[in-house]
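The questions below ask what stands behind each term.

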Amino acid sequence: MIRSDERPAEPFVAWAQQREAARLGMWLFLASEAMMFGSLIMVAWFFRLRYPDGVAEAVAGLHYLLATGNTVLLLTSSLLMTLAASEPRRVRRCLLGAAVLGVLFLFCKGVEYGLEIHEGVLPGFTDHSTWQAPSAQLFMNLYFIATALHGLHVLIAVGLVLWLYSALKRRRLAPHQAAMRLEMISLYWHLVDGIWILLFPTLYLVGR
Amino acid sequence: MSRAGALKVYGALLLLLVVQVVCARYWPGLGGVIMFAAAGQFLLLLLFYLGLYRHHGWVRLFGWVYLLWLLVMVVFILGESATR
């Protein structure tokens, strides 16, 4: 007897067909994400080239060492997601490790925002502008939007990984389903990491 | 991807991160080097962790779309800088 969760979902007739459709959908979604964050990165560079002095003033106030630590956390989490896909015996351990690193990333980001609020440089959390140049304020607005949006993506990725971890622990997924969901969540995780790889030097490093 | 391969890519990603941070700390004028290192990291991630090297068909096509989007950004940045 074949259990219903061992068959591909309607209207697919084979697992390979369902996996290909899922891959296509996921890559289309990732493309839209790349375009959205790509636009933010382009705007950041536009600011950098148009208002170099104001942007330099804003960048000098950012906590780039904390952000460097956060980059290491995300790169390590991507390694764990890759290992989860390649080592079936350690899937759950790798997933849990990646989720913990994602939570640590969000915690460090929160600490960073806290420091910036304390220093009065984070837009929306201070009544008076501490910047000499108005363009510094513009760049900080962009910094806040880009990093908060990215943080939201990390939060979603952590939620997905924890859901998969829980489903694997309770053995609620058939092997085909588990493999497909792991592949899709890994793709999303890696793209979130890739976006940070480009956001980090654009916002924190260049022109310090 | 094998465990050894994944670790090698991870090592390369960390090395490129070190290049970026050292450049930002000691040679702030080398913004181009920092962004090239970041583009190298993105390429490594795209090829090996996202798995572009082992896929064909439209997955590879999307990989090219990402890379071309990076190229569009570079052209925009350099074009804006040159025509100001």
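This is a predicted model: local features need pLDDT of at least 70, side-chain atom pairs count only at pLDDT 80 or more; totals for chains, interfaces and linings use all residues.

Q: What makes Arg7(A) count as partly exposed?
A: Arg7(A) has 15 C-beta neighbours inside 10 Å; a residue is buried at 20 or more and exposed at 12 or fewer, so with 15 Arg7(A) falls in between and counts as partly exposed. Arg7(A) lies in the segment before H1 of chain A, and its C-alpha is 36 Å in space from that of Gly151(A), at a sequence separation of 144 residues.

Q: Why is H6(A) called roughly antiparallel to H2(B)?
A: Helix H6 of chain A, residues 175-205, packs with helix H2 of chain B, residues 31-49, at an angle of about 180°, and their axes are 10 Å apart. An angle over 145 degrees counts as roughly antiparallel, and therefore the pair H6(A) and H2(B) receives that description.

Q: Which residues of H6(A) and H2(B) meet, and how is their contact made up by class?
A: From H6(A) come His190(A), Asp193(A), Gly194(A), Ile197(A), Leu198(A), Pro201(A) and Leu205(A), while the residues they meet in H2(B) include Ile34(B), Met35(B), Phe42(B) and Tyr49(B). By class, this contact of H6(A) with H2(B) has 11 nonpolar, three polar and one charged residues.

Q: How many residues of chain A are in contact with chain B, and which element of chain A gives the most?
A: In the contact between the chains, 33 residues of chain A face 34 residues of chain B, a pair of residues being in contact if their C-beta atoms lie within 7 Å. The elements of chain A that give two or more residues to this side are helix H1 (15-50), helix H3 (64-86) and H6, and H1(A) gives the most, with 12 residues. By class, the side of chain A that touches chain B has 20 nonpolar, nine polar and four charged residues.

Q: What is the secondary structure of chain B, and why is chain B described as more spread out than a compact globule?
A: Chain B has three helices and zero strands, and from the N terminus on its elements run α-α-α. The globule rule gives 12 Å for 84 residues, whereas the radius of gyration of chain B is 15 Å, well over that value, so chain B is more spread out than a compact globule. Along its principal axes the C-alpha trace of chain B spans about 45 × 30 × 10 Å, and 27% of its 84 residues count as buried.

Notes: Residues are numbered from 1 along each chain as its sequence is written. Chains are lettered from A and ligands numbered from 1 in the order in which they are written. Axes are lines fitted to C-alpha atoms, for helices over the stretch in contact, and angles run from 0 to 180 degrees between N-to-C directions. Helices (H or I, at least four residues) and strands (E, at least two) are DSSP runs, numbered from the N terminus. Angles under 35 degrees count as roughly parallel, over 145 as roughly antiparallel, 65 to 115 as roughly perpendicular and the rest as oblique. Two residues are in contact if their C-beta atoms, placed from the backbone, lie within 7 Å. Ala, Val, Leu, Ile, Met, Phe, Trp, Tyr, Cys and Pro count as nonpolar, Asp, Glu, Lys and Arg as charged, and the others, Gly among them, as polar. The radius of gyration is taken over C-alpha atoms; the globule rule is 2.2 Å times the number of residues to the power 0.38.
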